[in-house]
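Take a look at the chain below. We will start with the whole fold and then stop at a single residue.

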Amino acid sequence: MSYSGPEFAYIQNVSNGEYLEHHATKMASSYSTPSTLWRIMQNSSGSYFIQNQDNAEYLTSSASQMSSSAGDDQKFNFVPISGSKYYIQNVSNSEYLTSSATKMSKTAGSSEEFTVAEPPIPFND
């Protein structure tokens, strides 16, 4: 799927306004660098690795844990909705990130919509 957003971004759930952060077990209520700053890197298969810039770990297909290395389980597609809104779908299990940090969803709906945008400059530490 095509992603046209920034390489370094924050990822905010549309339904609850919370931010994806470096701990896979919770979301953050506000944007804070580097815990909510992510690097989105296209890989050779055309999907993307999503790496946190605080701990250098990658999102995985389980959503309840992170990985120190990038492999098939860490590949995601960004499914465009509109503007900077995307569904973020894991390649290995076809499930979507949700508004809950500890689970994935088999279907894409309003709880699975994320805004991917450049962080404010200067970063808020």
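**From the whole chain to one residue**

Residues 24 or more positions apart account for 50% of the contacts in the chain with a separation of 6 or more. Contact means heavy atoms within 4.5 Å.

This is a predicted model: local features need pLDDT of at least 70, side-chain atom pairs count only at pLDDT 80 or more, and totals for chains, interfaces and linings use all residues. Residues are numbered from 1 along each chain as its sequence is written, and side-chain values use heavy atoms, with hydrogens and water left out.

What elements does the chain have? It has twelve strands and zero helices. Both are DSSP runs, numbered from the N terminus: helices are H or I with at least four residues, strands are E with at least two.

Now the overall shape. The C-alpha atoms fill a box of roughly 35 × 30 × 25 Å, taken along the principal axes.

Of the 125 residues, 49% are buried. Buried means under 20% relative accessible area, exposed over 50%, and partly exposed in between (1.4 Å probe, protein chains only).

Finally, find I81 in strand 8, residues 76–82. I81 counts as partly exposed because its relative accessibility is 33%. Leaving out residues up to four places away in sequence, I81 touches Y86, Y87 and E113. I81 and T115 are 34 residues apart in sequence, and their C-alpha atoms are 9.7 Å apart in space.
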